[in-house]
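Please study the sequence and the three-dimensional structure shown here before reading on. The report then takes up selected features one by one.

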Amino acid sequence: MDALFGIGLKHALRGPAAVLVEAINASGKPVLALDVPSGLDADRGAFGGQCIRADLTVAFIAGKRGLHTGPALDRVGEVVLDGLE
């Protein structure tokens with residue numbers, strides 16, 4: 001499961017966080033991302049450096065434009081919206 005960073009992250013992952021994301025991606029295990037894969041810009045769908053490669057992303061409350069744009073398409077897997085109702 002990926003819930004390392006929230007939608008406010010606007011910089012490339014560095015140091016231990018980047019190493020952890022690389023290890024998660026290399027694990028071969030299915031990955032569930034909560035709201036947005038760590039390392040991904042939720043507005044632009046871009047990432048610099050490491051970014052979780054999720055099999056399923058559950059977005060909360062509202063859809064995030066960046067989950068359906070550009071490089072994000074290779075990182076989000078299936079996207080499901082949960083309105084938390």
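The sections below treat the basis of the model, the strands, the salt bridges and a surface patch.

## Basis of the report

This is a predicted model, in which local features need pLDDT of at least 70 and side-chain atom pairs count only at pLDDT 80 or more, while totals for chains, interfaces and linings use all residues. Residues are numbered from 1 along each chain as its sequence is written, and side-chain values use heavy atoms, with hydrogens and water left out.

## Strand pairing

Helices (H or I, at least four residues) and strands (E, at least two) are DSSP runs, numbered from the N terminus. Two strands are said to pair if DSSP finds at least two bridges between them.

Strand β1, residues 32–34, runs parallel to β2 and is joined to β2 by three bridges. Within this pairing, A33 stands opposite T57 in β2. Strands β2 and β3 also pair in the parallel sense, over five bridges. Here A59 stands opposite L81 in β3.

Side chains of opposite charge can pair when their charged atoms come close. In this report a salt bridge is a side-chain nitrogen of Lys or Arg within 4 Å of a carboxyl oxygen of Asp or Glu. By this rule the count comes to three salt bridges.

One of them is formed by D35 and K64, whose closest N and O atoms are 2.7 Å apart. This pair links distant parts of the chain, 29 residues apart: D35 is in the loop between β1 and β2, and K64 is in the loop between β2 and β3. Are these two residues buried or exposed? Buried means under 20% relative accessible area, exposed means over 50%, and partly exposed lies in between (1.4 Å probe, protein chains only). D35 counts as buried because its relative accessibility is 17%, and K64 is buried with a relative accessible area of 10%.

The side chains of K64 and D35 also make a polar contact at 2.7 Å. A polar contact is a pair of N or O atoms within 3.5 Å; within protein, one must be able to donate a hydrogen and the other to accept it, and residues adjacent in sequence count only if both atoms are side-chain atoms. Not counting residues up to four places away in sequence, K64 touches I7, D35, A42 and A59, where contact means heavy atoms within 4.5 Å.

## Two further salt bridges

D41 forms a salt bridge with R44, with the closest N and O atoms 3.2 Å apart. D41 is buried, at a relative accessible area of 8%, whereas R44 is exposed, at 54%.

D74 forms a salt bridge with R53, with 2.6 Å between the closest N and O atoms. D74 lies in the loop between β2 and β3 and R53 in the loop between β1 and β2, so the pair ties together parts that are 21 residues apart in sequence. D74 counts as partly exposed at 49% relative accessibility, and R53 is partly exposed at 38%.

## A nonpolar surface patch

Which residues form a nonpolar patch on the surface? They are L4, F5 and L20, with about 230 Å² of accessible area together. Patches are made of residues with over 30% relative accessible area and no salt bridge; like charges are joined within 9 Å, and nonpolar side chains (Val, Leu, Ile, Met, Phe, Trp, Tyr) within 5 Å. Accessible areas come from the Shrake-Rupley method with a 1.4 Å probe, and for residues only the protein chains shown count as cover.

L4 is placed in the segment before α1 (15–26), and L20 lies in helix α1. L4 counts as partly exposed at 38% relative accessibility, and L20 is partly exposed at 42%.
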